[in-house]
Amino acid sequence: MDKYTDLIHQTFDFPTDEFQVENNELLFNGIPLMDIIKKYGTPLKLTYLPKISSQIQRAKKLFNESIEKLDYNGTYTYCYCTKASHFSFVLEEALKNDIHIETSSGYDMQIIRSLYKKGKINKNTYIVCNGFKRQQYREWISDFINEGFVNCMPILDHIGEIDYYKEHVKAKTKLGMRLASDEEPKFEFYTSRLGVRYNDVIDLYEKQIKPDDRFELKMLHYFINTGIKDTSYYWSELSRFVRKYCELKKVCPELDTIDIGGGFPIKTSIQVEYDYRYMTEEILRTIKRICAEEGVPEPNIFTEFGIFTVGESAANIYSILDEKLQNDKERWYMIDGSFITNLPDAWALNQRWPLLAINHWDKEYRRIQLGGMTCDSQDYYNSEMHSFQVFLPKLPKDEQLYIGFFHTGAYQEQLSGYGGIKHCLIPSPQHILVDRDENGELKTWQFAPEQTSESMLRILGYEA
């Protein structure tokens, strides 16, 4: 019978830039994962910090080279949207690359303040403030503007938001406006709940922004929930947005920037199938063509990539605790963690990630189902992006089998409630950071240990 290594090599063009195998053990971005497991144990979350920087540089290169190739008359600015991962190590690594920040809630502003105190950003850093805003969020935005953060830019999400800034902002203020895109036809709602209606844009500018000398409308914001994809839906919505930008530009001379929200996807399988360069160039061609038809200058472009920035930097690693044969046909491998609590998108959205065995590549493989530790019947993983089933090495009798889910760096801790209370009191796994020193040598350290029972008891009110 074929071995697991044969299966992978027959299914994919393997090895890849990030996955290699040595001595029947998996390496991820050159990291010998078995060494990490032997040092720290499982379950664990691993973040490889250099991948964050390499993704940022990759996107910058794609846009800047495409701008030059197409003779596009606008600049490109990279923003990181904090909601993908708020951890300090993510923001501090990202900010090494001359980027700017997009926020989506009031508490984000306190992260921005902390970064400023540490010298990681300055008062010229763009802070693109998105989201539907409670008063506290608006208050903190106003404080930043009044304190001289000249590029702190509230993005108006509805008509009444401007009233707060009129009352509380004292300094010259750059504004943006988010437009309410239509959702995909298969979506439950026709129009996004966020943003200003297309029909209200000109009226909002003419009556609420233009008469007040403190405000200048600089940016129009575009967001597609499903991200940048080569679909008729995406190109139709982008074209409609650019037409509205041109219409507004003709009455608002200071408008000079568009923000393309909803970012590039990441690899959800071992092999990449997305043409990043084609999509970048096609976005620029579309904007350039429509602006030429409308007789307006091409806008500067902001992107706010979150998943693309941080997603591919991380992995979740588990031990197979045991094997169960159910109903004479279902073979289950039980992991020392939970999909519902550790990887909630697998449960809520049927999200799939690259899944690979970490050791025993020389063993025979078999079809299996993966089960989590909660008592919920939905705590399972039984298909891959490229297949409606999962194959892993046969479980050795006297040795441990380890598996890894890769590219799990975006949203999973935020959605599961890092360090909080989870279903069946499954603890948050320990978090290990991996970096390289000035000589390129790997270094690792524990960002956080596995959550303790004592911390849970405090949260639940059993201990003071």
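Strand 9 (residues 173–178) and strand 10 (residues 215–223) pair in the parallel sense over six bridges, and within this pairing His-221 of strand 10 is the bridge partner of Arg-178. The model is predicted, and in it these strands belong to a closed barrel of eight strands that runs 5-6-7-8-9-10-11-12 with parallel pairing. Neighbouring strands of this sheet are turned by 30 degrees against each other on average, direction ignored.

**Strand 12 and its partners**

- Strand 12 (residues 300–304) is largely enclosed by the rest of the structure, because four of its five residues are buried, which here stands for a relative accessible area under 20%.
- Strand 5 (residues 76–81) runs parallel to strand 12 and is joined to it by four bridges, with Tyr-78 standing opposite Thr-303 of strand 12.
- Strand 11 is likewise parallel to strand 12 and joined to it by four bridges, and here Ile-258 stands opposite Ile-301 of strand 12.

**A helix across the barrel strands**

- Helix 9 (residues 232–249) lies across strand 10 and strand 11 (257–261), and the helix runs at about 170 degrees to strand 10.

**A nonpolar surface patch**

- Ile-421, Leu-425, Leu-457, Ile-459, Leu-460 and Tyr-462 together make a nonpolar surface patch of about 560 Å².
- Ile-459, one of the residues of this patch, lies in helix 15 (residues 453–460) and is partly exposed, because its relative accessible area of 46% falls between the limits of 20% for buried and 50% for exposed.

Notes. Residues numbered from 1 in each chain as written. Predicted model: local features only at pLDDT ≥ 70, side-chain atom pairs only at ≥ 80, totals over all residues. Heavy atoms only, no water. Pairing = 2+ DSSP bridges. Helix = DSSP H or I, 4+ residues; strand = E, 2+ residues; numbered from the N terminus. Axes fitted to C-alpha atoms, helices over the stretch in contact; angles between N-to-C directions. Contact = heavy atoms within 4.5 Å. Patch = residues over 30% accessible without salt bridge, like charges linked within 9 Å, V, L, I, M, F, W, Y side chains within 5 Å. Areas by Shrake-Rupley, 256 points an atom, 1.4 Å probe, with all protein chains shown as cover. Salt bridge = Lys/Arg side-chain N within 4 Å of Asp/Glu carboxyl O. Buried < 20%, exposed > 50% of the residue type's maximum accessible area, 1.4 Å probe, protein only.
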